[in-house]
Amino acid sequence: MSFLKKEFKKELDKPTYVYGTQTVELNTTIRKGEKHSFKFYPSRIWSSRINWRIAITCFFTVLLIQCAIITFLLHSYEKHQLVGLKEVGRSELISMITAQNQATSKKDFPVSRAEAERLFSSSKITGISIFASNLAHLQNHGQKTTLQLQDVASGEFKNNYLSPSGATYEVVLRPDDLNRPYIAILQFDTTYIKGDVFEYVQEAVLIILLVSLFVTIVIVVSVGNFLLSPVLFMRENLLRAIENPENPKVEDSPFATNNEIGESIDLATKLIKQNAENIRRIKSAAEDKIHKLAYYDTLTNLPNRTYFLQSMVKLGHGEDGKTMGRFCVVTIDLDHFKDINDTMGYNIGDAILRAVGKRLRSSLPESAIVARIAEDEFSVAMPLTKDVTDGREIGVRISNVIKSSPFKVFTEDFQVRASVGVSTFPDDGTDVEQVLKNSDIALNRAKEEGRDLVKEYSEDFDRAVQQRFQILRNLRDALEHDQLLLHYQPQIDLRDGRIIGAEALIRWWKPDGSKEGGSFIPPIEFIPIAEQSGLIVPIGEWVLKTACESAAIIQEKGYDMRIAVNVSGAQFYQSNLIGYVENTIADSGLKPSNLELEVTESVFMDDISHAITTLRNLHGLGLELAIDDFGTGYSSLSYLRQFPIDRLKIDQSFIRNALNNPDDASIARTIIRLGHSLNLKVIAEGVETYEQQAFLSEENCDEVQGYLYAKPMSFEDFDAFIEECKGYVPDVS
């Protein structure tokens, strides 16, 4: 049974509660909006478990005390009855002895038999023994007494004696008691005392129960009125506060605050209201914080991508929510921002991002929505009006705003430029996410074409993206279904024409429904996509494994030739590259010196210290290392001498124009001399004419490869080519 229970009256819409004897109206609003009042009835006090505990405790405590008192009073009552018998017997005996002495002169027999019989019939005395003062026995009347004169003589004399059954009681009356020179022993019939005691006990028990009940009721009612009713009121308020802590429907206390209970209830009520106010305030602050975290960028305080998309939806539906508005979306990417973070630190990069955000916000009208949607990407959505109808114009303005003046951070000036992509709603899509995506596609085209450009979205861009995505999907299938294969282009020692190795070149044969059964996809079409997607890593592992297996077959035939394999930047910076190369060599049985890894010099520049460590570990396995496309990157001679490399590879662009362009000839000549000065071999690729071969031979180039000697071929053709040439290419010189 609950402490509080609603009494819904059928005839009233307002149920009531009562506290003790006080009716308290508590107006609250129920879910349907109707107001009702609550009252607490006295019956609720008796339905309280704690009140029943108090009642039972009080009742039995009072009962126990009363029982203890009655037990003590019973003993006093019985003793009082016996004392009364003694006094009555003494009076009767004295009067009897006096009457006898006056009637006769015999003093030896103070009580006659007739008087004794009369005394027995008129009183509770059942026996009399009389002794002289010298203890001489004089008379016995009635029943024989238990107390005897011998007890007196032996020193065990007692003044009274109550039989074990309580049926008889004997007392000794001394001469002082009788005022006569006699000693008398009186025996009384005390059987009636038990009945009196029982009646006394019945009356006492009834009184005890009534007193206990009365005291209990008084205590419980007092506790209910002065303690339980306030507690029930406070409990009801607490229950309401628990049900709705943010907006509890609590009422002010109806109890006086001039005592501890009333004051406590008033304080509890105030605390509930104060707690509700705090919850509302904290919730409001938390909602604001959550809203800001969910919709704003913490670094620049600009809207984030989520809020930007929502704002675009509002722009697209117009102010009335029905007409379609027209606006442009401009996506901005800061060119080479990663270089700033890597060289100057993220604190500088963050300061520049904040400054860019402020500059964009301050330079654009209030109608423009400026957001930061990625690390170094910003987007602007701006309504197109009669004055500004072209999104490209806004894109150009934004680009000029960014590069109008350097950004000053601390004591440094940073000239920042940006690539910009522009799309228009609804011209380039009626879905805001698609419009944003199209502006990002235009942005990527601007970056691909050299950066610091403004590109407006074209459907051709989207088709290029779709084509790239399709190539990537097909390339994954090709890797899974063994559509990739390796071709090998021989490498020749320029001095004696000996075939010293080959470069493994990847090819993709894509089956189709044509008469030929398929076609080769040029590496230039799929290698960049594989590098961007990360798929180049598993492809590179397949190339290395296949090349090592092929080289091991040639090695078994007695030819000491190396196979050169290109390693991409993503593959080079893998943590398990060294272990994978070591395991692959061991599994194939290839001699380590017959494997050469080619890495472009631009890869080294990303992390010089890591590059040096990796190259040294690879060189420690016994394989050879070459720098591919040397001269096309940003080489540093100070680092070059630290690399444990064996060979420099001159890019074919310099060889192709060496005879016609003095600059290219000078670069090729310089690379050859530089390599020799560092005790490195130099190999030139792209040799197609005897004139190019003569130039390289004159400059003492060590090795060559190109169409002049052989085109890339399958492994079977390469194996046959070696056998046919007996390991040498004729007429090299």
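Predicted model: local features only at pLDDT ≥ 70, side-chain atom pairs only at ≥ 80, totals over all residues.
Local features need pLDDT of at least 70 and side-chain atom pairs count only at pLDDT 80 or more, whereas totals for chains, interfaces and linings use all residues. Residues are numbered from 1 along each chain as its sequence is written, and side-chain values use heavy atoms, with hydrogens and water left out.

Two packed helices are described by the angle between their axes and the distance between the axes. Helices (H or I, at least four residues) and strands (E, at least two) are DSSP runs, numbered from the N terminus. Axes are lines fitted to C-alpha atoms, for helices over the stretch in contact, and angles run from 0 to 180 degrees between N-to-C directions.

Helix H9 (residues 337-344) packs against helix H10 (residues 346-363) at an angle of about 140 degrees, and their axes are 6 Å apart. H9 and H10 are therefore oblique to each other (angles under 35 degrees count as roughly parallel, over 145 as roughly antiparallel, 65 to 115 as roughly perpendicular and the rest as oblique). On the H9 side, Phe-337, Ile-340, Asn-341 and Met-344 meet Tyr-346, Asn-347, Ile-348, Gly-349, Ile-352 and Leu-353 of H10, where contact means heavy atoms within 4.5 Å. The contact of H9 with H10 comprises seven nonpolar, three polar and no charged residues. In this division Ala, Val, Leu, Ile, Met, Phe, Trp, Tyr, Cys and Pro count as nonpolar, Asp, Glu, Lys and Arg as charged, and the others, Gly among them, as polar.

H10 also packs against helix H11 (residues 391-403), at an angle of about 130 degrees and with the axes 10 Å apart. That makes H10 oblique to H11. The crossing of H10 and H11 is right-handed (a crossing is left-handed if the near helix is turned anticlockwise from the far one by less than a right angle, and right-handed if clockwise). Arg-359, Leu-360 and Ser-363 of H10 make the contact with Ile-398, Val-401 and Ile-402 of H11. This contact of H10 with H11 has four nonpolar, one polar and one charged residues.

Helix H15 (residues 536-556) and helix H24 (residues 715-725) pack at about 25 degrees, with their axes 12 Å apart. H15 and H24 are therefore roughly parallel to each other, and their crossing is right-handed. The contact involves Ser-550, Ile-553 and Ile-554 of H15 together with Phe-715, Phe-718 and Ile-722 of H24. By class, five residues are nonpolar, one is polar and none is charged.

H15 also supplies at least two residues of the lining of the largest pocket, as do strand E18 (499-511), helix H14 (523-533), strand E20 (562-566), helix H16 (569-572), strand E21 (595-600) and strand E22 (624-630). The largest pocket holds about 1,000 Å³ of space. On a 1 Å grid over the protein atoms alone, a pocket is an open set of points where a 1.4 Å probe fits, with protein on both sides within 12 Å along at least five of seven lines; lining residues have an atom within 4 Å of a point. Grid points are joined across faces, edges and corners, and a volume is the space filled by probe spheres set on the points. Of the 36 lining residues, Glu-503, Leu-505, Pro-523, Asn-566 and Asp-628 lie nearest the centre of the pocket. The lining divides into 16 nonpolar, eleven polar and nine charged residues.

Strand E22 also contains Asp-629, a residue other than glycine with a positive phi near 55 degrees. A cis peptide bond, with omega about 5 degrees, joins Phe-425 and Pro-426.
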